[in-house]
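The entries follow the order in which I looked things up.

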Amino acid sequence: MSQPKITLHWLNASRSHRILWLLEELGLKYDIKLYQRDKRSRAPPELFKVHPLGKSPVVEIEEEDGSKKVLAETGHIVSYLVRKFDTKGQLSGKTEDDKEQIDYFTHYTEGSLQPILVGLFVNDVAKQQTPFGVRFLTSMIVGAINNAYYGKEALLQLQYVDDYLKKQHQKGSKYFVGDSLTVADILMEFPLKTNLFSNPERTSTLLGSDSLESKYPNISEWCKFITKEPGLLRANGAIQEKSKL
Ligand SMILES: N[C@@H](CCC(=O)N[C@@H](CS)C(=O)NCC(=O)O)C(=O)O
């Protein structure tokens, strides 16, 4: 199949890895441009040359006739790629109900879950960036903010997602929607696995004697399972290869 030239602007430890995974699942050819966060965890200024907000992911599409588009916003990029290239609907749900549920998770992940996790992330960075002598003060303030809002909301959402996945597991499915991998799983990997289950210290002060694994066993099971998805492993491999160049 002839396809446009696709370039993914990928930032380390970011949402952009999901787009790479999706490109792999869709069997598309693509180029990757790698960017590394600076010591304050911000994206480098080069990303502003690609899109005025300087964020990742950004995907450039160049058609055969030379026309170009720059796509930003994870949900928008995912919807575009799936609409254009998931022609057999393998990742977009088999039934109308499944399609609707995937649409829900596309909005939920960026609209509800991620903003809370970004709050926790920014608070972590604030602690790390504070000079050692006064770090306890930042830790106290940040701890209070997390206890009052970000942490509380994160735990509420994790319980919600765990209850949801429990029902999927009871139906015999290991996936978020239906009984096979869809973009809902691809989208939920970054907030759940990369952001939280690979970073348990982010919520440790909120969990008391519990661990993420014991409190949210269904998310934990999904994280272990999804980490082995062949498309995700190929995406990991593609970055390793590219990093060697
Ligand atoms: N709403 C955007 C968020 C994009 C975004 O904030 N990306 C983060 C990476 S996860 C970023 O580029 N951060 C670097 C920075 O803000 O300096 C989306 O859904 O793609």
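Before placing any residue in a helix, I noted that helices here are DSSP runs of type H or I with at least four residues, numbered from the N terminus. By that rule I placed Q101 in helix 3, residues 96–129. The model is a predicted one.

**Entry: Q101.** I looked up how open this position is. Q101 has a relative accessible area of 27%, so it counts as partly exposed. Leaving out residues up to four places away in sequence, I found Q101 touching Y164 and V177. I also checked Q101 against K69: they are 32 residues apart in sequence, and their C-alpha atoms are 28 Å apart in space.

**Entry: T182.** I found T182 in the loop between helix 4 (135–170) and helix 5. Is T182 buried or exposed? The cut-off for buried is under 20% relative accessible area, and T182 counts as buried because its value is 2%. Beyond its neighbours within four places in sequence, T182 is in contact with L91, G93, I102 and V177. V177 was already on my list as a residue that Q101 touches.

**Entry: helix 1 by itself.** I went through the burial of helix 1 and found it mostly covered, with nine of its ten residues buried. The buried residues are S16, H17, R18, I19, L20, W21, L22, L23 and E24. After the helix comes G27, which has a positive phi, near 65°.

**Entry: helix 1 against helix 5.** For packed helices I record the angle between the axes and the distance between the axes. Helix 1 (residues 16–25) and helix 5 (residues 183–197) have axes that come within 9 Å and cross at roughly 155°. The two helices are therefore roughly antiparallel. The crossing of helix 1 past helix 5 is right-handed. From helix 1 the contact uses R18, W21, L22 and E25, and from helix 5 it uses V183, D185, I186, L187, E189, F190 and P191. I sorted these contact residues into seven nonpolar, no polar and four charged.

**Entry: helix 1 against helix 9.** I then took helix 9, residues 230–244, whose axis comes within 8 Å of that of helix 1 and crosses it at roughly 115°. Helix 1 and helix 9 are therefore roughly perpendicular. This crossing is right-handed. Helix 1 brings H17, L20, W21, E24 and E25 to the contact, and helix 9 brings G231, L232, R234, A235, N236, A238 and I239. Here the residues divide into six nonpolar, three polar and three charged. I marked W21 and E25, which are listed in the contact with helix 5 and in the contact with helix 9.

**Entry: helix 5 against helix 8.** I looked up one further pair. The axes of helix 5 and helix 8 (residues 217–226) come within 10 Å and cross at roughly 110°. That angle makes the pair roughly perpendicular. D185, M188, E189, L192, K193 and F197 of helix 5 meet I219, S220, W222, C223 and I226 of helix 8. I counted them as seven nonpolar, one polar and three charged.

**Entry: domains.** Last, I took down the domain assignment of the chain, which gives domain 1 as 5–87 and domain 2 as 96–230. Their centres, taken over C-alpha atoms, are separated by 23 Å. The contact takes 15 residues from domain 1 and 18 residues from domain 2.

Terms used
Residues are numbered from 1 along each chain as its sequence is written. This is a predicted model: local features need pLDDT of at least 70, side-chain atom pairs count only at pLDDT 80 or more; totals for chains, interfaces and linings use all residues. Side-chain values use heavy atoms; hydrogens and water are left out. Axes are lines fitted to C-alpha atoms, for helices over the stretch in contact, and angles run from 0 to 180 degrees between N-to-C directions. Angles under 35 degrees count as roughly parallel, over 145 as roughly antiparallel, 65 to 115 as roughly perpendicular and the rest as oblique. A crossing is left-handed if the near helix is turned anticlockwise from the far one by less than a right angle, and right-handed if clockwise. Contact means heavy atoms within 4.5 Å. Ala, Val, Leu, Ile, Met, Phe, Trp, Tyr, Cys and Pro count as nonpolar, Asp, Glu, Lys and Arg as charged, and the others, Gly among them, as polar. Buried means under 20% relative accessible area, exposed over 50%, partly exposed in between (1.4 Å probe, protein chains only). Domain bounds come from an automatic or database domain assignment.
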